[in-house]
Amino acid sequence: MENEVISAKNIRKEYVIKKHFLTGRVKEKVAAVKNASFSLEAGKTLGIVGESGSGKSTTGEIAGGLQKATYGNVYYCGKNTAEMSSDEYREYRRNVQFIFQDPKGSMDPNYSIRDILAMPIETLKIAKDKKEVDLLVDDILQKVGLDLKLKNKYPSEISGGQCQRAAIARALVVNPRVVVCDEPVSALDVSIQAQILNLLKKLQAELNIAYIFISHDIGVVNYMSDSIMVMQSGSVVEQGDAKQVLVHPQEEYTKRLIESAFIN
Ligand SMILES: Nc1ncnc2c1ncn2[C@@H]1O[C@H](COP(=O)(O)OP(=O)(O)OP(=O)(O)O)[C@@H](O)[C@H]1O
Ligand SMILES: [Mg+2]
């Protein structure tokens, strides 16, 4: 695919859950992801939906390099991440950022929002001096709709919605091409959820970012996604164009997920 930014081919992830107490030999393994493949183009959203424990987070973490697949490969801009030079690998990791469910938990409580946002800029040497760091911090705060006065606050001093905006700012401040959003609105009030989803859509249109958007909520995935992958017990049960999957689901499991969304 011409515009492809990230793809995975036949990824499988096994965890060892039991080892022999003397020999250390593996007695039991669990497969969190079994043979998943997907492809994502620039500026598009791949939704991953499925019940708890179906392998959604593991798939997202493997896509962004937080975990290694036991088998299979991840490709960034057509290049196998397992065969990259260290410079290429660093570039891939910078270009695939993450947003998690619990923004407060993912931020160091001892740093101000300004310092949290300045850190990736300084680590990656994106700015030439402190003044430029501050300009970049202000710019990203404005993009995510946060008042510049919040810069000097600590994560515990701002609301959950504001904190998730700051987490989005932290992900975007290094100009990634892909963001893995793992249940980004599940911990927020319903009224705030829509604001964050709309912000993610606005930023995607402005910055041409691709999202891997993970949620157990098929309604949210429907709102966000161009294509959808439905997972159950580590397996991909159905995937394709979002409308196709949601309007004409082929699998019983997908049909049940859609029905349960209407009941809730
Ligand atoms: N570090 C680990 N060691 C052993 N098993 C693990 C580990 N991480 C995940 N698993 C197992 O892998 C499976 C998939 O987990 P994963 O977190 O990817 O699911 P999920 O779809 O994101 O679930 P949730 O909706 O609850 O976040 C689960 O059965 C989980 O218990
Ligand atoms: Mg998860």
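Predicted model: local features only at pLDDT ≥ 70, side-chain atom pairs only at ≥ 80, totals over all residues.
## Overall fold

The protein chain contains nine helices and 10 strands. Its radius of gyration is 19 Å, close to the 18 Å given by the globule rule for 264 residues, so the chain is as compact as a globular protein of that length. The C-alpha trace spans about 50 × 50 × 45 Å along its principal axes.

Of the 264 residues in the protein chain, 37% are buried.

## Nonpolar core

The largest nonpolar core has 66 residues, and the members that touch the most others are Ile-6, Ala-169, Val-178, Tyr-211 and Ile-212. Helix H5 makes the greatest contribution to this core, with seven residues.

Leaving aside neighbours within four places in sequence, Ile-6 is in contact with Leu-40, Ala-63, Tyr-75, Tyr-76, Val-96, Val-178 and Ala-210. One of these partners, Val-178, is also among the core residues that touch the most other members.

## Ligand shell

Around ligand 1 there are 13 residues, of which Tyr-15, Ala-32, Ser-52, Ser-57 and Thr-58 come nearest. By class, the shell is made up of eight polar, four nonpolar and one charged residues.

Three elements each supply at least two residues of this shell: strand S1 (4–19), strand S2 (26–41) and helix H1 (56–63). H1 gives the most, with three residues.

## Residues with positive phi

Most residues other than glycine have a negative phi. Lys-125 has a phi near 50 degrees, a positive value in a residue other than glycine. This lysine, Lys-125, lies in the loop between helix H3 (113–123) and helix H4 (130–143). With 7 other C-beta atoms within 10 Å, Lys-125 falls under the limit of 12 or fewer and is therefore exposed.

Asn-175 likewise has a positive phi in a residue other than glycine, with a value near 60 degrees. Asn-175 is found in the loop between helix H5 (160–172) and strand S7 (178–182).

Terms used:
Residues numbered from 1 in each chain as written. Chains lettered and ligands numbered in written order. Near = placed C-beta within 6 Å. Helix = DSSP H or I, 4+ residues; strand = E, 2+ residues; numbered from the N terminus. Nonpolar A, V, L, I, M, F, W, Y, C, P; charged D, E, K, R; others polar. Buried ≥ 20, exposed ≤ 12 C-beta atoms within 10 Å, placed from the backbone. Rg over C-alpha atoms; globule rule 2.2 N^0.38 Å. Core = buried A, V, L, I, M, F, W, Y, C linked by C-beta atoms within 7 Å. Contact = placed C-beta atoms within 7 Å.
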